[in-house]
Amino acid sequence: MQATGQEVGGVAPVGHPAPLRTLVDTALADHDRVWAGGGVPHAMFRTTFAELLALTGGEAVAVGA
């Protein structure tokens, strides 16, 4: 919560008080839709792998490899 200002369970990939290094799992590219946290525990938003990379300025990496 200190780095994002958001509660665990709803941390969004954007809207943080300061820039954070963001890693986006390349496995998400296998899906037409990706659901991400909306900033509170019970909120989500639909996006795509490409949009998630663009929104976050994230780095695509194979997280589970």
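**Note on the predicted model: fold, salt bridge and selected residues**

1. Glu 59 counts as partly exposed, at 37% relative accessibility. Buried stands for under 20% relative accessible area, exposed for over 50%, and partly exposed for the range in between (1.4 Å probe, protein chains only). The model is predicted, so local features need pLDDT of at least 70 and side-chain atom pairs count only at pLDDT 80 or more, while totals for chains, interfaces and linings use all residues. Residues are numbered from 1 along each chain as its sequence is written, and side-chain values use heavy atoms, with hydrogens and water left out.

2. The salt bridge. The structure holds 1 salt bridge (a side-chain nitrogen of Lys or Arg within 4 Å of a carboxyl oxygen of Asp or Glu). Its partners are the side chains of Arg 21 and Glu 59, at 3.2 Å from N to O. The pair links distant parts of the chain, 38 residues apart: Arg 21 belongs to the segment before β1 (23-25), and Glu 59 to strand β4 (residues 59-61). Arg 21 is exposed, with a relative accessible area of 67%.

3. Secondary structure. The protein chain contains 1 helix and 4 strands, and the order from the N terminus on is β-β-β-α-β. These elements are DSSP runs numbered from the N terminus: helices are H or I with at least four residues, strands are E with at least two.

4. Overall dimensions. Along the principal axes, the C-alpha atoms fill a box of roughly 30 × 25 × 20 Å.

5. Burial and surface. Of the 65 residues, 25% count as buried. The protein chain exposes about 4500 Å², of which carbon and sulfur atoms supply 56%. Accessible areas come from the Shrake-Rupley method with a 1.4 Å probe. Among contacts (heavy atoms within 4.5 Å) between residues at least 6 apart in sequence, 50% join residues at least 24 apart.

6. The β2-β3 hairpin. Strand β2 (residues 34-37) and β3 run antiparallel and are joined by 4 bridges; two strands pair if DSSP finds at least two bridges between them. They form a hairpin with 6 residues between them, and Gly 39 in the turn has a positive phi of about 105 degrees. The bridge partner of Trp 35 in β3 is Arg 46.

7. Trp 35. This residue lies in strand β2 and counts as exposed, at 51% relative accessibility. Leaving aside neighbours within four places in sequence, Trp 35 is in contact with Met 44, Phe 45 and Arg 46. The C-alpha atoms of Trp 35 and Phe 49 are separated by 9.6 Å, with the two residues 14 apart along the chain.

8. Thr 47. The place of Thr 47 is in strand β3 (residues 44-47). Thr 47 is buried, with a relative accessible area of 4%. Not counting residues up to four places away in sequence, Thr 47 touches Asp 32, Arg 33, Val 34, Leu 52 and Leu 55. The side chains of Thr 47 and Glu 51 are joined by a polar contact of 2.9 Å. A polar contact is a pair of N or O atoms within 3.5 Å; within protein, one must be able to donate a hydrogen and the other to accept it, and residues adjacent in sequence count only if both atoms are side-chain atoms.

9. Thr 56. In helix α1 (residues 49-56) sits Thr 56, which counts as buried at 17% relative accessibility. The side chain of Thr 56 reaches the backbone oxygen of Leu 52 at 2.8 Å. A polar atom of that side chain also lies 2.9 Å from the backbone nitrogen of Gly 58. Beyond four places in sequence, Thr 56 is in contact with Pro 13, Val 14, Thr 22 and Val 24.

10. Ala 62. The segment after β4 includes Ala 62, which is partly exposed with a relative accessible area of 49%. Ala 62 and Asp 25 are 37 residues apart in sequence, and their C-alpha atoms are 5.4 Å apart in space. Leaving aside neighbours within four places in sequence, Ala 62 is in contact with Asp 25 and Thr 26.
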